[in-house]
Structures are given as structure tokens and as C-alpha cells.
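This note sets out, point by point, what may be read from the structure shown here.

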Amino acid sequence: MKKTVLINSAIAIAAVALSGTAFAADSSKTNTSAKGNFSSTDKSFIKDAAKGGMMEVVNGREAEKNATSAEVKKFGARMVADHGKANAELKTIAKRAGVELPGEPSANKWKSDKDYMDMMVKDHEKDLADFEKQAKDGTDADLKRFAEKTAKVVHEHLDMAKEIDGKLK
């Protein structure tokens, strides 16, 4: 009887010790996934997307103030709202990735509403391709979801920009 109790006790102690090791291993996995799995390409995308998003906000503010067309002013306001929201979300992801974001850029100078809208078409064509690539090829799941969701908004912006640009002379 004493041998059985000792053996059962030894098995119980071993089981507790092993479960503690397994728990510690699971905890470290949780901490790693909370930090994210960011490749150098992911980090580069974060920096580029932040820079572009901030530029859209700054230029959007300028368009709101200085455009002559009400439609271009409205488009500028939409850039401020949508890219401002995306920038806030990206800032959270960047922090988790340990990526320091650039400071706010200066607005581009353009001569006319047409110049601004031409720039918006070109910028959004490039941005759409970048966001779709990140959504497809990225390594961090949260960043991929962000890129996929934001690509849809950028696509809307591109369609709007093309439509407005086509009306301007």
C-alpha cells in the first residue's frame, strides 16, 4: 500500500511539474502572438502607409481650405476623416511592431484643383496596389486585416478621385 501511495504521489508531482512547464510554454506563445509576427516587409509597409496616410490628411486639409470646387473641398474632407481614422488604427499596430512612425509632413503645393485631383488619382492607384499586396503577402494577421479593410476604402477614394478629376479642366 505504501508503495502504491508513493508511486501515485510521484506521478502526481510529475504531472503538476509537467503541466506547469506546459503552461509556461503556452504563456510564452501568447506573449509572442500579442507582440505580433512582423517581417521587415511588414515594418516597411507600416512606415510607408503611415507616411502616405499622414500626407493624405495634410493635403486634404489644404484642399478643404483652398480648393475652388465644392466637390474637391468635400473630397479633401473625406481624406481627412478616412485617412485620419486609418492612421489611428495603424499607429496602434506600429506600436505593437516596435515601429517608430514619421512626423507629420508638410502639405504639397498644387496650382489648381485639377493638379490636386491628378495627384490623388496617382497616389491612390499606388496605395491600392501596396495595400492589396500587404493584405495578400503580409506576415502579421492584424496588419493583413488592416491592409485588406483599408484597401477597400482606398479603392472607394480612387473611384471618387477619378470621377472628380474627369470633371475638372
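Predicted model: local features only at pLDDT ≥ 70, side-chain atom pairs only at ≥ 80, totals over all residues.

1. For the axis values that follow, an axis is a line fitted to C-alpha atoms, for helices over the stretch in contact, and angles run from 0 to 180 degrees between N-to-C directions. On that basis, the axes of helix 3 and helix 4 come within 11 Å and cross at roughly 35 degrees. Helix 3 passes helix 4 in a left-handed crossing. On the side of helix 3 the contact is made by V72, F75, G76, M79 and H83; on the side of helix 4 it is made by D113, Y116, M117, M120 and H124. By class, the residues of this contact between helix 3 and helix 4 are 6 nonpolar, 3 polar and 1 charged.

2. The protein has 5 helices and 0 strands, and its pattern along the sequence is α-α-α-α-α. Of the 169 residues in the protein, 34% are buried. Among contacts between residues at least 6 apart in sequence, 79% join residues at least 24 apart.

3. How do helix 2 and helix 4 run relative to each other, roughly parallel or roughly antiparallel? Their axes come within 11 Å and cross at roughly 155 degrees. An angle over 145 degrees counts as roughly antiparallel, and helix 2 is therefore roughly antiparallel to helix 4. The crossing of helix 2 with helix 4 is left-handed. Helix 2 contributes T41, D42, F45, A49, E56, N59, G60 and A63 to the contact, while helix 4 contributes Y116, M119, M120, D123, H124, D127, D130, F131 and Q134. The residues of this contact of helix 2 with helix 4 comprise 7 nonpolar, 5 polar and 5 charged.

4. Helix 2 also packs with helix 3, their axes coming within 7 Å and crossing at roughly 155 degrees. Helix 2 and helix 3 are therefore roughly antiparallel to each other. Here, too, the crossing is recorded as left-handed, helix 2 passing helix 3. The contact of helix 2 with helix 3 holds 14 nonpolar, 6 polar and 6 charged residues.

5. A search of the whole structure finds 4 aromatic pairs. In one of them, the rings of F45 and F131 have centres 5.0 Å apart and planes at 80 degrees, so the pair is edge-to-face. This pair links distant parts of the chain, with F45 in helix 2 (residues 40-66) and F131 in helix 4 (residues 113-137), 86 residues apart.

6. F75 lies in helix 3 (residues 70-97) and Y116 in helix 4, so the pair ties together parts that are 41 residues apart in sequence. Both F75 and Y116 are buried. F75 and Y116 also take part in the contact of helix 3 with helix 4.

7. Ring pairs also link F45, F131 and F146 into a cluster.

8. K152 has its place in helix 5 (residues 141-167) and counts as exposed, at 55% relative accessibility. The C-alpha atoms of K152 and F131 are separated by 9.1 Å, the two residues being 21 apart along the chain.

9. K43, in turn, lies in helix 2. With a relative accessibility of 33%, K43 counts as partly exposed. K43 and V99 are 56 residues apart in sequence and 6.6 Å apart in space, C-alpha to C-alpha. Which residues does K43 contact, leaving aside its neighbours within four places in sequence? They are F38, A97 and V99.

Note on methods:
Residues numbered from 1 in each chain as written. Heavy atoms only, no water. Phe/Tyr/Trp six-rings, centres within 6.5 Å; stacked < 30°, edge-to-face > 60°. Helix = DSSP H or I, 4+ residues; strand = E, 2+ residues; numbered from the N terminus. Buried < 20%, exposed > 50% of the residue type's maximum accessible area, 1.4 Å probe, protein only. Parallel < 35°, antiparallel > 145°, perpendicular 65-115°, else oblique. Left-handed = near helix turned anticlockwise from the far one by under 90°. Contact = heavy atoms within 4.5 Å. Nonpolar A, V, L, I, M, F, W, Y, C, P; charged D, E, K, R; others polar.
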